[in-house]
Amino acid sequence: MNALAIRRQWRLAIVAVLAVLLVLAPALLPTYPLSVLTEILIFTLFAMSLNILLGYAGLPSLGHSAFFGTGGYAVGLLAKYYGTPAALALVIAVVAGILVAIVTGPFVLRTHGAYFLILTLSLTQVLFGIVWLWRKVTGGDDGLPGIPSPRIPFLVGRISDTANFYYLTLIVVGIAVAAIAWIVRSPFGLALVGIRENERYLEGLGYPTWTLKYVAYILAGGFAALAGGLFAYFKGFVGPGQISWLLAGEGMVMVILGGAGTFWGPAIGALLVLLLRYEVSAFTQRWVMILGIVFILNVLLLPQGIVRLPQRIREIRARLRRETTLAPPLAEATAAAPDRSVERVIERS
Amino acid sequence: MTVPALQLEHVSKVIGGLTILEDISLTVQPGERRAVIGPNGAGKTTLLNVIAGFLPATQGRVVVFGRDVTKLPAHRRVDVGLLKTNQQPAVFHELTTRQNVLIALLRGRHPLLGLGGLVERDRETQRRAEQVLEEWGLLDVADVEVRHLPHGYQRRVELAARFALRPKLLLLDEPAAGLAVDEIPAFIERLKQLPRDMTIVLVEHSMRVVFSFADRITVLHHGAILADGTPEEIQNNEEVQAAYLAGAMRGRDAGAA
């Protein structure tokens, strides 16, 4: 218990330092890295929203870009045709994402595993087809350019526009991430893990598993749409690329790379993928190849994600220590002995 | 007249043209310990799944404490006080023992499907979980992921989580399966100590467990009820002897002794 309390204090300290650094970032970073950081924040939200499904509930969605794109197009259309203010447009974007989830949930949630993946993929392709072909409204493959970037009025004139939008993103993403933290630490979040582990067992304990999955799907859709809306403002543009399944795949890479089912994993994944894209692409066009190598190494060496790195190091060190103290035949013998004491079994595994 | 804990009325289950259960009718009184035995493939596990709601009955009615639950999904049947254990312990492997107990205790405790609360802030449930863990001798392994525990412990976690919900009708699907021979007497003792306000339906291959625990025994054979009676009646029933018991008794006890 004591060790746990200490670890919790450490975690709080790290989060606090991180928060301070994020607030100070505009003073420390030039414009370009600051805009990369803005994008990282947006994709952190996107990856965390996908993590609710993929990591916690164990639902591998390859259609999460459908919500991202819905949010983006909601913002784009509202800005272009109605000149809606950003705060309202973002709320409408979230509502639009939630509506898409409410309508599509009953179809895709009939399935599990690979079939869920295929159905969500088809869903995003349907939406992709709509925005691609409905040129008159969505601009087709030209998309909707010229979305004005919103500013925090209070800060206009005091800091650069890039820093201003950065702070806007930081506030919105910060609130959303706090909300996701609440969700995964609630009994609802624990139940989602139960679904991932064994849906039937959870149902046997009296949980309405279908409803839980549906609500998780809707929440994830809402958060992804918020990320999509922010991204449209960030780019000043929304196009079919923001609804394409490739983006959903990239989200999946971020989640798995960082650590599916862990809270901070997706943030680390988003950071890594975007840094690779922007930093490595400065040296070589083949940054995707590097990403591929990183991904393979990650799956081989850290199958549970980068966020588990400290734990993994501890495990490996413990194993090395045990191997040096125990002569191999002796270790073999204790493993084979019919010793059913719990400590033994834990130690062995 | 007391309301029976469980009534099955002409229950049939057909899966893909194959009749697994055929016209099963039985009544279990409150507090009764009922064993369901039969050779492999007789439909015992299917019967429990139909009662628990994991499989819908093709025909017939399932009534629990006077309430017709035939159309209710499995999770709603928990509200009537019905819980079931699994052949493979129904535990969440990546969760700790404590979380396994918590997940059971937290059911329905917070509004909005549990979104209206935080697990760590619910001190009362945390305390209850601590009690349950102590009661079941699981405190030592409270924060160990269940996948690291041996089978016997996983079974205990499963039972602890279910008893935490205070079931009124408990379905046990081969609870002794996978236990070491020397663990079985203690396990029988544990079953015998269960409170009498709980009704138990037990599917079990170990005849030691069945004959030392059950008040009544139902014998299933090819999906139909072959016999139904007290342990003595079943032991002396020639049909049962011929179909199942002789072989089972000989095989099992030779192995167990």
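In the predicted model, chain A contains 15 helices and 2 strands. The C-alpha trace of this chain extends over about 75 × 50 × 40 Å along its principal axes. Its radius of gyration is 22 Å, which agrees with the value near 20 Å that a compact globule of 349 residues would have. Of the 349 residues in chain A, 45% are buried. Among the contacts in chain A with a separation of 6 or more, 74% are accounted for by residues 24 or more positions apart.

In chain B, strand β9 (residues 216–221) and strand β10 (residues 224–229) run antiparallel and are joined by 5 bridges. Within this pairing, Ile217(B) is placed opposite Gly229(B) of β10(B). The two strands, β9(B) and β10(B), form a hairpin with 2 residues between them. In the turn, His222(B) adopts a positive phi of about 50°.

The contact between the chains involves 29 residues from chain A and 35 residues from chain B. On the side of chain B that touches chain A, two or more residues are given by each of the elements α2 (74–77), α3 (97–105) and α5 (151–164) of chain B. The most is given by α3(B), with 4 residues. By residue class, this side of chain B comprises 21 nonpolar, 7 polar and 7 charged residues.

Methods. Residues are numbered from 1 along each chain as its sequence is written. Chains are lettered from A and ligands numbered from 1 in the order in which they are written. This is a predicted model: local features need pLDDT of at least 70, side-chain atom pairs count only at pLDDT 80 or more; totals for chains, interfaces and linings use all residues. The radius of gyration is taken over C-alpha atoms; the globule rule is 2.2 Å times the number of residues to the power 0.38. A residue is buried if 20 or more other C-beta atoms lie within 10 Å of its own, exposed if 12 or fewer, and partly exposed in between; C-beta atoms are placed from the backbone. Two residues are in contact if their C-beta atoms, placed from the backbone, lie within 7 Å. Two strands pair if DSSP finds at least two bridges between them. Ala, Val, Leu, Ile, Met, Phe, Trp, Tyr, Cys and Pro count as nonpolar, Asp, Glu, Lys and Arg as charged, and the others, Gly among them, as polar.
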